[in-house]
Amino acid sequence: MTVDALTDVAGVRVGHATRTGNGRLTGTTVVLAPEGGAVAAVDVRGGGPGTKETDALDPRNMVQRIDAIVLTGGSAYGLDAASGVMAWLEERGRGVPVGTDPAHVVPVVPAACVFDLGRGGDFRARPDAATGRAAVEAAAATAPGAPVPQGCVGAGTGAVAGRLKGGVGTASTVLGSGITVAALVVANAAGSVLDPETGVLYGELYEGRVAYPEQH
């Protein structure tokens with residue numbers, strides 16, 4: 001049975017840490033790879049990307065697998081959430097071995113952030129290492145193939161889409177070959193997500209769910 005989420009990919013788990021109240025409106029989402037890691041690639045775009053360890057995914061480099069992926073609020077400050085995830089993984093001996101001692105590992109945890117500073121009222125309220133640890137612990141506590149909470153949670157807590165609320169969304173499909181393809185997205189768009197003439201969500205238009213009366 002599938003749940004129409006990233007967790008339909010075997011072994012992948014997702015956890016959120018949501019921080020609201022007392023000036024906070026932010027959070028962190030962690031995609032936890034199965035034991036042994038997962039092959040990953042990256043395509044970074046935009047005029048002001050906020051990322052960490054994404055260069056390690058260049059196919060010319062020695063890193064072959066990632067242990068987790070962090071998506072977080074807090075702009076560049078929020079990338080500190082990855083430190084908490086790395087510490088959690090290190091405690092379990094998960095990462096690239098760098099010596100003869102099995103405890104000597106370096107977890108590979110690429111991270112990317114969205115800008116949500118001040119949206120809860122306090123500019124200094126942002127994710128940190130403790131937030132990252134809470135999110136990876138939440139991921140580890142889920143059962144394989146569990147549904148993924150969506151909307152104003154985790155990295156999508158303070159997200160916006162134009163003048164509307166943004167958030168986290170996920171979906172999956174199974175190809176004819178039997179391969180599962182899935183995605184998880186944090187929508188924090190600068191432009192409008194509505195058709196300016198009708199007020200209808202662009203997503204509804206592209207999925208063909210909106211019918212318009214004929215014009216003569």
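The following legends describe an overall view and close-up views of a predicted model.

In this predicted model, local features require pLDDT of at least 70 and side-chain atom pairs count only at pLDDT 80 or more, whereas totals for chains, interfaces and linings use all residues. Residues are numbered from 1 along each chain as its sequence is written, and side-chain values use heavy atoms, with hydrogens and water left out.

**Figure 1. Overall fold of the chain, with 3 helices and 11 strands.** Helices (H or I, at least four residues) and strands (E, at least two) are DSSP runs numbered from the N terminus. In sequence order, the elements are arranged as β-β-β-β-α-β-β-β-α-β-β-β-β-α. The chain is as compact as a globular protein of 216 residues, because its radius of gyration of 19 Å is close to the 17 Å given by the globule rule. That radius is taken over C-alpha atoms, and the rule is 2.2 Å times the number of residues to the power 0.38. The C-alpha trace spans about 75 × 50 × 35 Å along its principal axes. Of the 216 residues, 35% count as buried; buried means under 20% relative accessible area, exposed over 50%, and partly exposed in between (1.4 Å probe, protein chains only).

Figure 2. Ser172 counts as buried because its relative accessibility is 19%. Apart from neighbours within four places in sequence, Ser172 is in contact (heavy atoms within 4.5 Å) with Asp4, Ala5, Asp8, Val181 and Ala182. For Ala5, the backbone nitrogen lies 3.5 Å from a polar atom of the Ser172 side chain.

**Figure 3. Asn22 in the loop between strands E1 and E2.** Strand E1 covers 13–21 and strand E2 covers 24–32. Although Asn22 is not a glycine, its phi is positive, at about 55°. With a relative accessibility of 75%, Asn22 counts as exposed.

**Figure 4. Glu53 in the loop between strands E3 and E4.** The loop that holds Glu53 runs between strand E3 (51–52) and strand E4 (68–72). Phi of Glu53 is near 65°, a positive value in a residue other than glycine. Glu53 has a relative accessible area of 42% and is therefore partly exposed.

Conventions. A polar contact is a pair of N or O atoms within 3.5 Å; within protein, one must be able to donate a hydrogen and the other to accept it, and residues adjacent in sequence count only if both atoms are side-chain atoms.
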